[in-house]
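Please look through the sequence and the model below before reading on.

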Amino acid sequence: MDAVFPKKCVCCRALGGTICENCLKDVEKEFSPKMFCIDGGFVCNSAFRYEGRVRDAIKNFKFSNVKRGAQVFDVWLSKVKNYSGKINCVCSVPMFENRQKERGYNQSEVLARSLAQILGLPFENVIKKTRDNLSQRGLGSDERKENVHDVFSVSSCVKGKSVLLVDDVVTTGATLFECLSLLCLAGAKAAEGLTLANVKLSK
Ligand SMILES: [Zn+2]
């Protein structure tokens, strides 16, 4: 496989391994775990600001079929906070089924599954996107809230569990708020967010 599709760095696309030495050094420098609150008093942690090498990697991860990005960034996600004993399962912000078929994968789910494995916790596919909506990109804060309202449903199997919700990037927190609220409505004991990058914390 590698001879046909030689491995390129997930950040700069230089030929070589999954991430080149220069980018790995930059990513190490960029690691800046932060906790912040979104609407409803929900807590979300993020590993990086949405800038530099991490931003490059997330763009590749999202749009250029660089699924291997998870192999680089799952470790950083696991270092954000000590989740041991505090979480029962990991889930992710879903994509609409047809969109996921088009892309071939949901980058947030790939990250969440990879993280769950590191943490030794189950990944549970508990949130479904029941209808397609506009991309959140380019929308204002109120439009974002409106755009994600009533597009998700949550399985009742989260009842009594403490759930960690993973997404790739948080901007205003509208999507996370919607999903975390639904997790709690479905009976989750606790729910908090974890994202790879945070746009608000960027310069
Ligand atoms: Zn590189």
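Does Asp150 count as exposed or buried? Asp150 counts as exposed because it has 10 C-beta neighbours inside 10 Å, where a residue is exposed if 12 or fewer other C-beta atoms lie within 10 Å of its own, buried if 20 or more do, and partly exposed in between, with C-beta atoms placed from the backbone. This is a predicted model, in which local features need pLDDT of at least 70 and side-chain atom pairs count only at pLDDT 80 or more, while totals for chains, interfaces and linings use all residues. Residues are numbered from 1 along each chain as its sequence is written.

Asp150 lies in the loop between H6 and E5, and its phi is near 65 degrees, a positive value in a residue other than glycine. Arg13, in the segment before helix H1 (21-30), is likewise a residue other than glycine with a positive phi, here near 70 degrees. Arg13 is partly exposed, because 14 other C-beta atoms lie within 10 Å.

The protein chain as a whole has seven helices and seven strands, where helices (H or I, at least four residues) and strands (E, at least two) are DSSP runs numbered from the N terminus. Along the sequence these elements follow the pattern α-β-β-α-α-β-α-α-β-α-β-β-α-β. The C-alpha trace spans about 50 × 35 × 35 Å along its principal axes. For 203 residues a compact globule would have a radius of gyration near 17 Å, and the protein chain agrees with this at 16 Å; the radius is taken over C-alpha atoms, and the globule rule is 2.2 Å times the number of residues to the power 0.38. Of the 203 residues, 37% count as buried.

Helix H7 can be followed in some detail. Among the buried residues of H7 are Leu176, Phe177, Cys179, Leu180 and Leu183. The cover over the buried residues of H7 includes strand E2 (43-49), strand E4 (127-129), H6, strand E5 (152-154), strand E6 (162-170) and E7, with two residues taken to be in contact if their C-beta atoms, placed from the backbone, lie within 7 Å.

The axes of H6 (residues 141-148) and H7 (residues 174-185) come within 8 Å and cross at roughly 35 degrees; axes are lines fitted to C-alpha atoms, for helices over the stretch in contact, and angles run from 0 to 180 degrees between N-to-C directions. At this crossing, Arg144, Lys145 and Val148 in H6 meet Ala174, Thr175 and Glu178 in H7.

Ala186 counts as partly exposed because it has 19 C-beta neighbours inside 10 Å. Leaving aside residues up to four places away in sequence, Ala186 touches Val154, Ser155, Ser156, Val158 and Lys159. Ala186 and Gly160, 26 residues apart in sequence, are 9.3 Å apart in space, C-alpha to C-alpha.
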